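I opened this model to look up a helix pair, the surroundings of the ligand and a few backbone details. My notes follow the structure.

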Amino acid sequence: MKPRNIVILTGAGVSAESGVPTFRGPDGLWEGHHIEAVATPQAFRRDPLLVQRFYDARRAALGKVVPNAAHLALARLDAEWRGELLLVTQNVDDLHERGGSQRLLHMHGELQRALCTACGTAPAWTGALSDDPPCPRCGAARLRPDIVWFGEMPYHMDEIEMAIGRCDLFVSIGTSGAVYPAAGFVTQAQRAGARTLEINLDPSAGTPLFDEARHGPAGTQVPKWVDEMLG
Ligand code: NAD
Ligand code: ZN
């Protein structure tokens with residue numbers, strides 16, 4: 001039976017072929033840094049300048065990359081799929097929106113947004129934060145990257161869990177299945193009666209949990225899957 005409501009979860013693997021390095025590359029580091037040194041609130045308290053410079057560099061690097069065939073195929077599915085569809089990304093890059101996806105939520109925040117720790121506003125941001133610019137709303141020089149760090153609560157969880165509860169197909173693309181709560185979505189989807197599909201370069205920690213797994217680069221596997229869905 002053809003599914004009607006789809007939830008798609010993407011991770012760093014979907015952007016790898018655009019030239020954005022994944023989190024736990026072969027060396028277990030993110031762009032040469034230990035994850036604990038750049039992606040926790042403790043790291044930011046300990047060495048704010050290092051953390052700001054790290055994300056400033058990631059934000060600036062977005063100007064040098066473009067969406068790949070996987071982003072474009074997911075945008076085509078979004079545009080043409082008549083049922084419900086929600087693309088939940090763990091990625092903090094903007095390649096899904098530049099690819100054209102509309103029904104999209106960033107559960108781990110966005111590089112191109114700042115978060116004011118004084119007033120809570122989250123303005124769009126394309127420049128640097130390491131030079132402590134003032135908040136456009138309250139004027140305090142207390143902006144941090146709007147990134148959900150380890151130990152912080154991911155965004156949009158109510159909306160995501162509602163969509164998972166209603167979906168009949170859950171697809172996970174390019175994610176290692178190691179970061180919770182996203183790693184638990186497959187089990188929640190199965191409990192809701194959905195079929196589950198993994199698309200990843202290699203088998204992941206979560207592979208045994210899925211009804212079906214397809215292994216290979218997202219840039220090849222995702223367009224093929226989208227053709228099947230729309231065919
Ligand atoms: P991860 O780096 O832990 O895992 C990436 C997965 O993608 C691996 O399983 C790998 O085998 C697979 N992969 C690599 N190349 C692939 C390809 N060409 N096609 C298909 N799959 C491929 O990433 P994750 O699970 O998303 O980890 C989550 C955290 O990493 C998030 O919190 C996110 O914010 C952060 N992160 C984001 C970006 C980004 O925005 N592009 C980049 C690095 C890290
Ligand atoms: Zn403010």
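These entries go through the helix pair, then the ligand, then the backbone.

Entry one, the helix pair. I kept in mind throughout that this is a predicted model. I looked up how helix 5, residues 69-80, sits against helix 9, residues 218-230, and found that the two pack at an angle of about 20 degrees, with their axes 7 Å apart. Since angles under 35 degrees count as roughly parallel, I noted helix 5 and helix 9 as therefore roughly parallel to each other. I also wrote down that their crossing is left-handed. On the side of helix 5 the contact is made by Ala69, Ala70, Ala73, Leu74, Arg76, Leu77 and Glu80, while helix 9 brings in Ala218, Gly219, Val222, Pro223, Trp225, Val226, Asp227, Met229 and Leu230. Sorted by class, this contact between helix 5 and helix 9 holds 12 nonpolar residues, 1 polar residue and 3 charged residues.

Entry two, the ligand. How many residues surround ligand 1, and which are the closest? I found 27 residues around ligand 1, the closest being Phe23, Val92, Asp93, His108 and Thr175. I then went through polar side-chain atoms beside the ligand, starting with Asp93, where one such atom lies 2.7 Å from a nitrogen atom of ligand 1. For Thr175, an N or O atom in the side chain is 2.7 Å from an oxygen atom of ligand 1. Asn200 likewise places a polar side-chain atom 3.0 Å from an oxygen atom of ligand 1.

Is the peptide bond from Tyr180 to Pro181 cis or trans? I recorded this bond as cis, with omega near 10 degrees, and located Pro181 in the loop between strand 6 (169-173) and helix 8 (185-191). I next looked up Asp132, which has a positive phi of about 50 degrees although this residue is not a glycine. Asp132 also belongs to a loop, which I placed between strand 4 (109-116) and strand 5 (143-147).

Methods:
Residues numbered from 1 in each chain as written. Chains lettered and ligands numbered in written order. Predicted model: local features only at pLDDT ≥ 70, side-chain atom pairs only at ≥ 80, totals over all residues. Heavy atoms only, no water. Axes fitted to C-alpha atoms, helices over the stretch in contact; angles between N-to-C directions. Helix = DSSP H or I, 4+ residues; strand = E, 2+ residues; numbered from the N terminus. Parallel < 35°, antiparallel > 145°, perpendicular 65-115°, else oblique. Left-handed = near helix turned anticlockwise from the far one by under 90°. Contact = heavy atoms within 4.5 Å. Nonpolar A, V, L, I, M, F, W, Y, C, P; charged D, E, K, R; others polar. Near = heavy atom within 4 Å. Polar contact = N/O pair within 3.5 Å; in protein donor to acceptor, adjacent residues only side chain to side chain.
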